[in-house]
Amino acid sequence: LLVSILLCLLLPALSPAQGFGQTRFICTSVPLDGDVCAATAPGGGGSAEELKSSVLQLRETVLQQKETIMNQRETIRELTAKLGRCESQNGLEGLPGEPKGGGAGRKGGVSKNTMGDLSRSPAAETLTQLGQTLQSLKTRLENLEQFSRMNSSSQTNNLKDILQSKIDELERQVLSRVNSLEEGKFNPKFNETEERGKIESTLTSLHQRISDLEKGQKDNRPPDRFQLTFPLRTNYMYAKVKKSLPEMYAFSICMWIKSSASPGMGTPFSYAVAGQANELVLIEWGNNPMEILINDKVAKLPFVINDGKWHHICVTWTTRDGVWEAYQDGTQTGNGENLAPYHPIKPQGVLVLGQEQDTLGGGFDATQAFVGELAHFNVWDRKLSPGEVYSLATCSSKALAGNVIAWAEANIDIYGGATKWTFEACRQLN
């Protein structure tokens, strides 16, 4: 075939110099060991225009194939470079598992392939997330050590010994997990799901130990002056509100929020009930605007908050005609109607901060996880007035706490390495 194509392309180029005059050029397949000059053209058939068209098509095919090969080479170079960066970042090579491609589709009104780079192997991603989370915990320990310097010398020495012990244990945990993952490369029975479970258990245990050390700081702060921090996009870092929602025919949900995650900050909160995972969800996925979901019905919210600065946001809704309003930093930025009209919010569900639920209380997807900081999450069973929303955003003394869910440290359990820090709205913003 290659010989045939070359004959078709070269003969027209030679004919003017040779003075053939009125000439027809025939493409003939010739065996590799055959005599090209002895080959005879088939008789009859085919006008000059048809032959010219065939030549042009063949030339176009060759050019397309050449372009495809060049694109593939460029893709291979990019993938090789990315792989090298991943290996360099993790200090490992040849971790088990094929590259993980993003799934497509939208389950329960939420996209599954819109956030984060999931092309790395699961084990490499596990190590990266583990290292970052443990580094976050280690930073908390260092902060505690600094805090201890402000106390008496005996307390300082005692706490310093405890801190050093915890840091040593932290490093042993990292080495243990790295060794386990390395052994998994050569062990056909390596169970990554089981290994992930061990890591999550370790993170929760370490977090609890550090939280115990931080109690000295927490005892002196008001119960509502704290924030939740979700530093990583994982499927195991979240907070759970101990109290469920009642049946509601209207609501107002307000919070302080800070994030610069890209693409999309994820899911600040999700409320699931039996038979409906998306009973009430706030989510910003991919490059789409933030959305509020009620019973799987969606409204796009006109928030501009993914800038790494603290913002106060509120969403109000009434079941009558599905009327909703959105407020940012005390000012109404949008409104609409026909959002799940005449559908009351169902009771006895699970309210999670930081993750989107695909099943009741679980089914988390890392691509939908919230990355950032969140505080003063309050829920009312009525529509707040513009003045009440403004009081919340400006930290007025008239501001009210939620009558359904009030922001208090005792009402929130945290898991997987999410952290609590002291936070005073309007005083330490940005």
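Tutor: What follows is a set of questions and answers on this predicted model.

Student: Which elements give two or more residues to the lining of the largest cavity?

Tutor: The largest cavity holds about 40 Å³ of space, and its lining includes F251, I253 and M255 as well as I313, C314 and V315. By class, the lining has 9 nonpolar residues, with no polar and no charged ones. The elements that give two or more residues to it are β5 (250-258) and β10 (311-318).

Student: How many residues apart in sequence are the parts that the pair of E424 and R225 ties together?

Tutor: The side chains of E424 and R225 meet in a salt bridge, at 3.4 Å from N to O. E424 lies in the segment after β16 (419-422), whereas R225 lies in the loop between α5 (192-218) and β3 (226-230), so the pair ties together parts whose separation in sequence is 199 residues.

Student: Is E325, which meets K383 in a salt bridge, buried or exposed?

Tutor: The bridge between K383 and E325 spans 3.1 Å from N to O, and it joins the loop between β14 (372-380) and α6 (386-393), where K383 lies, to strand β11 (residues 323-328), where E325 lies. K383 is partly exposed, with a relative accessible area of 37%. Buried means under 20% relative accessible area, and because E325 has a value of 13%, E325 counts as buried.

Key
Residues are numbered from 1 along each chain as its sequence is written. This is a predicted model: local features need pLDDT of at least 70, side-chain atom pairs count only at pLDDT 80 or more; totals for chains, interfaces and linings use all residues. Side-chain values use heavy atoms; hydrogens and water are left out. On a 1 Å grid over the protein atoms alone, a cavity is a set of points where a 1.4 Å probe fits but cannot get out, and a pocket is an open set with protein on both sides within 12 Å along at least five of seven lines; lining residues have an atom within 4 Å of a point. Grid points are joined across faces, edges and corners, and a volume is the space filled by probe spheres set on the points. Helices (H or I, at least four residues) and strands (E, at least two) are DSSP runs, numbered from the N terminus. Ala, Val, Leu, Ile, Met, Phe, Trp, Tyr, Cys and Pro count as nonpolar, Asp, Glu, Lys and Arg as charged, and the others, Gly among them, as polar. A salt bridge is a side-chain nitrogen of Lys or Arg within 4 Å of a carboxyl oxygen of Asp or Glu. Buried means under 20% relative accessible area, exposed over 50%, partly exposed in between (1.4 Å probe, protein chains only).
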